[in-house]
Structures are given as C-alpha cells and as structure tokens.
Amino acid sequence: MKTVQRYVRPRDLGQALHLAKEDPGAVWLAGGTLLLAGDYADKPASVVDVGPVLGRGIERRDGSLEIGAGLTLQSLAESEAAPEILRKAALGIGSRNVRNRATVGGNIAANRSSSALIPAFLVLDARLEIAGVRGPDSRSETELASYLAAPSGLILSVGIPERPSRRLGYGRWARTANDAAVLVAAVSFAVEGSAMKDAKIAMGGITAKARRLFDLEKRFEGLQVQGLPLDELRDQVERMALPLLVPDGQGVVSASFRKVRGAALLAQAVAEALGGPVDAPDRDRSGKGGVR
Ligand SMILES: Cc1cc2nc3c(=O)[nH]c(=O)nc-3n(C[C@H](O)[C@H](O)[C@H](O)COP(=O)(O)OP(=O)(O)OC[C@H]3O[C@@H](n4cnc5c(N)ncnc54)[C@H](O)[C@@H]3O)c2cc1C
C-alpha cells in the first residue's frame with residue numbers, strides 16, 4: 001500500500017505556498033479524512049499540511065457570507081451564521097468523528113460525485129478565493145463551477161452572496177447512517193407570483209461529478225408551486241424530473257435505482273424549500289407547507 005513519505009507543516013500560509021512551489025509533487029493536506037484514509041488509492045508521496053494555517057472563520061461581509069476553507073464540517077453544521085441548507089449539507093457526512101476533521105476546502109477539492117457540500121454551494125452561487133495559481137503570491141477569485149472543471153491552487157475561502165428571499169432545499173440518500181452519501185440534491189429558487197423562477201438545481205451521485213442540471217432547471221422554470229398541497233407538488237416534480245435524470249458511470253447502486261431515487265430526492269428538496277425550515281424571512285413557518 002502507498003504511504004506518505006514526506007510531511008511538512010508550514011508556520012503560515014506564505015510558507016505553505018513556497019514549500020509547494022519547491023516540491024511540485026506535493027499535495028495539500030487539510031483534515032486528511034480522504035487523503036489519509038486507509039482505502040484511498042492515490043496516496044501522495046509528499047504532503048504540505050495546510051490544516052493549521054487555513055482560515056476557520058465564518059462571517060458576513062458586504063452582503064456575502066465568507067467561509068474559511070479550514071472550517072470543519074462540524075463547525076459549519078453548528079454555525080448560526082450559516083444558512084440551514086449548508087448546516088444540513090455539512091451533516092451529510094454522517095460520522096461526527098469525520099466531521100470534526102473534514103474541512104470545507106477539502107470537501108470541495110475532493111470533488112466527489114456525491115460530495116456533501118458541492119451541490120449546496122453550486123445552487124448558492126459560491127465563489128472561491130484561491131492562492132498559488134500563478135505563483136506562490138498570487139490570489140484570484142473564481143466561480144465554484146470553474147474551479148471544479150479545472151482544479152488548481154489552494155482554496156482559501158468560499159463566498160456566498162446573501163439572498164434571503166430565495167427558497168433553499170437539500171436532501172441526501174445513503175445506504176446506512178454512517179456511510180458516504182450515494183445521492184445528493186440541492187435546489188434554490190425564487191417564487192414570483194405563484195411560480196418557480198430562476199431555479200438552480202445541483203445533484204451528486206447522478207453524474208461522475210456533482211454539477212448543476214441545466215435541463216432540469218429549464219424544465220422547472222415557471223412551475224406553479226403555490227396553492228398546491230406539498231405531496232401533490234412532490235409527485236409532480238418527481239414525474240417531471242424522472243425522464244431528465246440520466247445517470248452515468250458506475251455507482252455503488254444501479255443506474256436505474258439512482259434515477260428513480262434521485263427524482264424522489266429532488267422532489268423532497270423542492271418540497272423542503274417550500275415548506276421546511278429555511279432561513280428565508282418570508283418563509284411560512286406554520287409547518288403546514290406551501291408558500292404564503
Ligand atoms: C467514513 C467517511 C465517510 C465519508 N462520507 C462522505 C460523504 O458523505 N460526502 C463527502 O463528500 N465526503 C465524504 N467523505 C470524504 C471526506 O471525509 C470529505 O470529502 C472531506 O470533506 C475531505 O476534507 P478533508 O479536509 O479531510 O480533506 P483531505 O483529506 O485533507 O484532502 C482531500 C483533497 O482535497 C485537497 N485539499 C484539501 N484542502 C484543500 C484546499 N484548501 N485547497 C485545495 N485543495 C485542498 C487535498 O489535496 C486532497 O486532494 C467521507 C470520509 C469518510 C472517512
């Protein structure tokens with residue numbers, strides 16, 4: 001089995017970036033819950049431990065929520081500043097022991113198909129602050145989707161524009177409580193009149209990497225969501241989603257299961273966005289569901 005041969009622990013971010021430049025084969029190490037896992041096949045020979053030097057804060061700044069890449073998923077799950085969708089997504093890693101080590105930056109960079117955080121961040125229009133793409137002193141900002149298409153550099157923080165009136169929903173499905181998720185769905189949309197507007201839908205576990213599903217977003221645009229019992233709406237969303245969900249690759253469960261369960265999960269996330277407890281101030285918190 002491959003093991004890590006060289007471990008360096010920089011005293012600060014600047015030193016981390018210079019150490020990585022001197023050793024181009026070195027890989028960032030944060031919580032290590034993926035990289036150091038016994039069954040992880042791509043174990044690198046050399047790591048730079050950025051866990052202690054990455055920001056771990058979460059704060060509102062100029063209409064945006066800024067999350068340090070070093071924040072652990074347990075801290076994100078417990079944060080009062082984070083929207084409900086992110087707290088729920090962080091709990092998507094079932095084991096508290098793993099959440100205590102796993103970081104926001106590590107979860108994004110791991111870029112797994114059924115990533116806990118990526119679908120939620122995609123529908124929240126997350127942007128990343130990245131260091132080291134053009135040399136150790138460089139800093140840049142990029143959309144999350146662009147980073148995922150061509151990952152490069154060290155993620156320093158994630159920024160989310162605050163849009164309190166949007167409806168947000170999240171769902172995950174795993175085989176057991178402690179297992180990694182098989183399917184993840186996240187939605188964000190506005191309600192204009194009685195219709196869904198500007199829908200953003202991202203899923204994990206359907207395609208090789210978690211991503212936005214633009215065909216579904218177009219299909220749901222203008223969907224009547226007001227005045228309808230939530231269970232009827234959920235059935236309708238499920239029926240509409242089913243033909244457009246086309247699973248690819250091999251999963252731990254069959255493609256046909258992922259298609260059917262994925263449509264149900266998405267419908268559940270839409271229903272949650274309309275009737276569940278989210279952070280929108282205009283949310284109907286009566287528990288009866290539906291949109292005021
Ligand atoms: C029992 C168990 C269950 C799990 N369940 C899930 C699950 O349901 N969903 C899920 O998504 N994951 C799951 N994981 C995988 C893993 O725990 C998470 O993806 C975790 O968030 C990775 O974060 P980390 O800080 O531990 O990353 P690390 O293991 O340290 O690194 C992961 C990757 O990210 C890179 N990296 C780390 N930080 C940065 C950064 N700031 N900038 C750029 N690159 C960086 C590393 O080089 C490496 O390639 C599970 C793991 C275990 C052991």
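Q: In which loop is Arg9 found?
A: Helices (H or I, at least four residues) and strands (E, at least two) are DSSP runs, numbered from the N terminus. Arg9 is found in the loop between β1 (6–8) and α1 (13–22). Residues are numbered from 1 along each chain as its sequence is written. This is a predicted model, in which local features need pLDDT of at least 70 and side-chain atom pairs count only at pLDDT 80 or more, while totals for chains, interfaces and linings use all residues.

Q: How many other C-beta atoms lie within 10 Å of Arg9?
A: Exposure is read from a neighbour count: a residue is buried if 20 or more other C-beta atoms lie within 10 Å of its own, exposed if 12 or fewer, and partly exposed in between, with C-beta atoms placed from the backbone. Arg9 has 15 such atoms within 10 Å, so this residue is partly exposed. From Arg9 to Arg87, 78 residues apart in sequence, the C-alpha to C-alpha distance is 30 Å.

Q: What is the separation in space between Ser138 and Leu17?
A: Separation along the chain and separation in space are read as two quantities. Ser138 and Leu17 are 121 residues apart in sequence, and their C-alpha atoms are 9.7 Å apart. Ser138 lies in the loop between β6 (127–131) and β7 (139–143). This serine counts as exposed because Ser138 has 12 C-beta neighbours inside 10 Å.

Q: With which residues is Ser138 in contact, leaving aside its neighbours within four places in sequence?
A: Two residues are in contact if their C-beta atoms, placed from the backbone, lie within 7 Å. With neighbours within four places in sequence left aside, Ser138 is in contact with Ala131, Gly132 and Val133.

Q: Where is Ala77 found, and which contacts does Ala77 make beyond its neighbours within four places in sequence?
A: Ala77 is found in helix α2 (residues 73–78). Apart from neighbours within four places in sequence, Ala77 is in contact with Arg87, Ala90, Leu91 and Arg99. Ala77 has 18 other C-beta atoms within 10 Å, so this alanine is partly exposed. Gly135 is 58 residues from Ala77 along the chain, and 34 Å separates their C-alpha atoms.

Q: Which residues have the most contacts inside the largest nonpolar core?
A: In soluble globular proteins, nonpolar side chains tend to be buried together. A nonpolar core is a set of buried Ala, Val, Leu, Ile, Met, Phe, Trp, Tyr and Cys residues joined through C-beta atoms within 7 Å. The largest one here has 83 residues, and Ala120, Ala186, Val187 and Leu266 have the most contacts inside it. Helix α10 (residues 255–275) gives the largest share of this core, 9 residues. Beyond its neighbours within four places in sequence, Ala120 is in contact with Ile85, Leu86, Ala89, Tyr170 and Ala186.

Q: What does the domain assignment give, and where does the shell around the ligand lie?
A: Domain bounds come from an automatic or database domain assignment. That assignment gives domain 1 (6–45), domain 2 (58–161) and domain 3 (167–275). The shell lies between domain 1 and domain 2, because both give residues to it. The C-alpha centres of domain 1 and domain 3 are 35 Å apart.

Q: Which residues come nearest to the ligand?
A: A residue is near a molecule or strand if its C-beta atom, placed from the backbone, lies within 6 Å of it. Of the 33 residues around the ligand, Gly31, Gly105, Gly106, Asn107 and Ala109 come nearest. The largest share of the shell, 5 residues, is from α5.

Q: Which values of phi do Asp62 and Asp198 have?
A: Asp62 has a phi near 50 degrees, a positive value in a residue other than glycine. Asp62 is in the loop between β4 (58–61) and β5 (64–68). For Asp198, phi is likewise near 50 degrees, and this residue lies in strand β11 (residues 195–204).

Q: How many helices and strands does the protein have?
A: The secondary structure comes to 10 helices and 12 strands. Buried residues make up 42% of the 292 residues.
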